[in-house]
Amino acid sequence: MAEASAIDIVDETFLAVPAGTVKAAFADPRSWSRYWPDLVLEVYTDRGDEGLRWTVRGALVGTMEIWLEPMLDGTLLHYFLRASPEGPALSPRKLRQEFDRRARAAKGIALGLKEILEDGREPGVPPAHAV
């Protein structure tokens, strides 16, 4: 049975850029502290243009992954976080707040990358790399 205080977040966002472009946004370990300032990440699997898997320490303890799936004219960025808050167990209310905060932050990272990497591409217009 899973630990009662576990946070399990799954998210996906389509980006109209190649997987290698998305991977580059996560390749530099210095970028990780911008995306997840209270977490210490250690890569345990580098899947190349298919993404990264990390162990997580700090405010949370567990694992995190980005899986980059080529799709249509871009990449589907899958995000997984399976971790528990460090320290004493949180109340159900506090755990839900932490889950919501982490889920919103994950979507914010993905949408921020979408805005930057797609470089103003309008919906329905081919991405610059496809022209």
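Reader: What does contact mean here?

Author: Contact means heavy atoms within 4.5 Å. This is a predicted model. Among its contacts between residues at least 6 apart in sequence, 55% join residues at least 24 apart.

Reader: OK. What is the chain built from? How many helices and strands?

Author: Three helices and five strands. Along the sequence the pattern reads β-α-α-β-β-β-β-α.

Reader: How many residues are in the chain, and what share is buried?

Author: The chain has 131 residues. Of these, 37% count as buried.

Reader: And the surface? How much of it belongs to carbon and sulfur?

Author: The accessible surface comes to about 7600 Å². Carbon and sulfur atoms hold 57% of that.

Reader: Let's go inside. Which residues touch the most other members of the largest nonpolar core?

Author: F26, W36, L41, W54, M64, L77 and Y79. The core has 29 residues. At least two come from each of β1, α1, α2, β2, β3, β4, β5 and α3.

Reader: Which element gives the most to this core?

Author: α3, with five residues.

Reader: Back to W36. What is W36 in contact with, leaving aside neighbours within four places in sequence?

Author: F26, L41, W54, M64, Y79 and I109.

Reader: I109 is where?

Author: In α3, among the buried residues of that helix.

Reader: What span should α3 have, and how far apart are its ends?

Author: α3 has 27 residues, 92-118. At 1.5 Å a residue, the helix should span 39 Å. Its end C-alpha atoms are 38 Å apart, which agrees.

Reader: What follows α3?

Author: D119. Its phi is positive, near 50 degrees.

Reader: New topic: β1. Which residues are on its covered face, and which on its uncovered one?

Author: I7, I9, D11, T13 and L15 are on the covered face. D8, V10, E12 and F14 are on the uncovered one.

Reader: How many bridges join β1 to β5, and do they run parallel or antiparallel?

Author: Nine bridges, and the strands run antiparallel.

Reader: What is the bridge partner of T13 in β5?

Author: L77. T13 is on the covered face of β1, and L77 is one of the core residues that touch the most other members.

How values were computed
Residues numbered from 1 in each chain as written. Predicted model: local features only at pLDDT ≥ 70, side-chain atom pairs only at ≥ 80, totals over all residues. Heavy atoms only, no water. Helix = DSSP H or I, 4+ residues; strand = E, 2+ residues; numbered from the N terminus. Expected span 1.5 Å × (residues − 1). Buried < 20%, exposed > 50% of the residue type's maximum accessible area, 1.4 Å probe, protein only. Areas by Shrake-Rupley, 256 points an atom, 1.4 Å probe, with all protein chains shown as cover. Core = buried A, V, L, I, M, F, W, Y, C linked by side-chain atoms within 4.5 Å. Pairing = 2+ DSSP bridges.
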